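Subject: Handover of a structure

Dear colleague,

Please find below the structure that I am passing on to you.

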Amino acid sequence: MRIDWPHRERNDLYRPSSGATLSPHTEPADDTAADHRKGPRRRGEELENAILAATLEELGETGYAALTMERVATRARTGKAALYRRWSNRAELVMDACKLSGVADISLPDTGALRTDVIALLRQIAAKMASPLGGILRGLLTEMTRDPDFATLIRERFHTTGPATLGVLLERAVDRGEIEPWILDSRRATVATDLLRNQFLLFGSPVEDEVITDIVDDVYLPLILHPAPQRASDPRPTASPHSTGSAGATHSAGGED
């Protein structure tokens, strides 16, 4: 049996009440958000800050993998051309947005001893990881394995921030005689920040303060101080008075309480 459906033009299936015609694959858009020409005209730093703020919002909602220049432009109420005049790709845009947010800002501790300097530094980094920016950071570090260009930018602009600050602390320790100069160029120099980053990626945040002190006292200081500090809970016998350095001197060098 043949059924005669009411006649209907094909385009009527996609014609909204306003009379505008959409393609079958197009969803109605928010004209106010999409058409940046309806808003006040912005230039220079004002426009750039709006774009960077929109980038951070997109990162928080969708992550780096789903972030596009078009989505950022729509949220910032501007055109994609405004983005591409300033950033050649989304990786550069994201790194500048993170810089604006202060995600990589670290103050330089100066407690007078390497141990307490390093603990203060790691606490700062851990606090960054525990903030809302920590979720963004986790996503960015994950994307390093998928985007070689982005990985390069991470290493150049962000990943080196903690280790660079740590390098200044180590240079001061050399001047105080706590460590030998060759440590500065060795792989041992960045072990503390490397372990903290791994803790964050594997177990999330917050990174407990006990973990930070364990990293410093159980791993880092024994690697870089000479002679290595000996903790009260260490089962090894105390160094004899005839060996290089005494136990008391060791604890003093490590800044033990």
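Does Asp217 count as buried or exposed, and why? Asp217 counts as buried because its relative accessibility is 4%, which is under the 20% limit for a buried residue. Asp217 is part of helix 11, and its side chain forms a polar contact of 2.8 Å with the side chain of Arg115.

Please note that this is a predicted model. As to the overall fold, the chain contains 12 helices and zero strands. Read from the N terminus, its elements are therefore written α-α-α-α-α-α-α-α-α-α-α-α under the assignment used. Of the 257 residues in the chain, 34% are buried.

The largest nonpolar core is made up of 55 residues, and Leu114 and Leu140 have the most contacts inside it. Helix 6, which covers residues 114–130, supplies the largest share of this core, namely eight residues. In soluble globular proteins, nonpolar side chains tend to be buried together.

Beyond residues up to four places away in sequence, Leu114 touches Leu169, Leu170, Ala173, Arg176, Glu178, Ile179, Leu221, Ile224 and Leu225. Ala126, also located in helix 6, has a relative accessible area of 7% and is therefore buried. When its neighbours within four places in sequence are left aside, Ala126 is in contact with Leu196, Val207 and Ile212. Ala126 and Thr193 are separated by 67 residues in sequence, while their C-alpha atoms are 10.0 Å apart in space.

The packing of helix 10 against helix 11 was also examined. Helix 10 spans residues 191–203 and helix 11 spans residues 209–224; their axes are 9 Å apart and the packing angle is about 145°.

With kind regards

Key:
Residues numbered from 1 in each chain as written. Predicted model: local features only at pLDDT ≥ 70, side-chain atom pairs only at ≥ 80, totals over all residues. Heavy atoms only, no water. Core = buried A, V, L, I, M, F, W, Y, C linked by side-chain atoms within 4.5 Å. Buried < 20%, exposed > 50% of the residue type's maximum accessible area, 1.4 Å probe, protein only. Helix = DSSP H or I, 4+ residues; strand = E, 2+ residues; numbered from the N terminus. Contact = heavy atoms within 4.5 Å. Axes fitted to C-alpha atoms, helices over the stretch in contact; angles between N-to-C directions. Polar contact = N/O pair within 3.5 Å; in protein donor to acceptor, adjacent residues only side chain to side chain.
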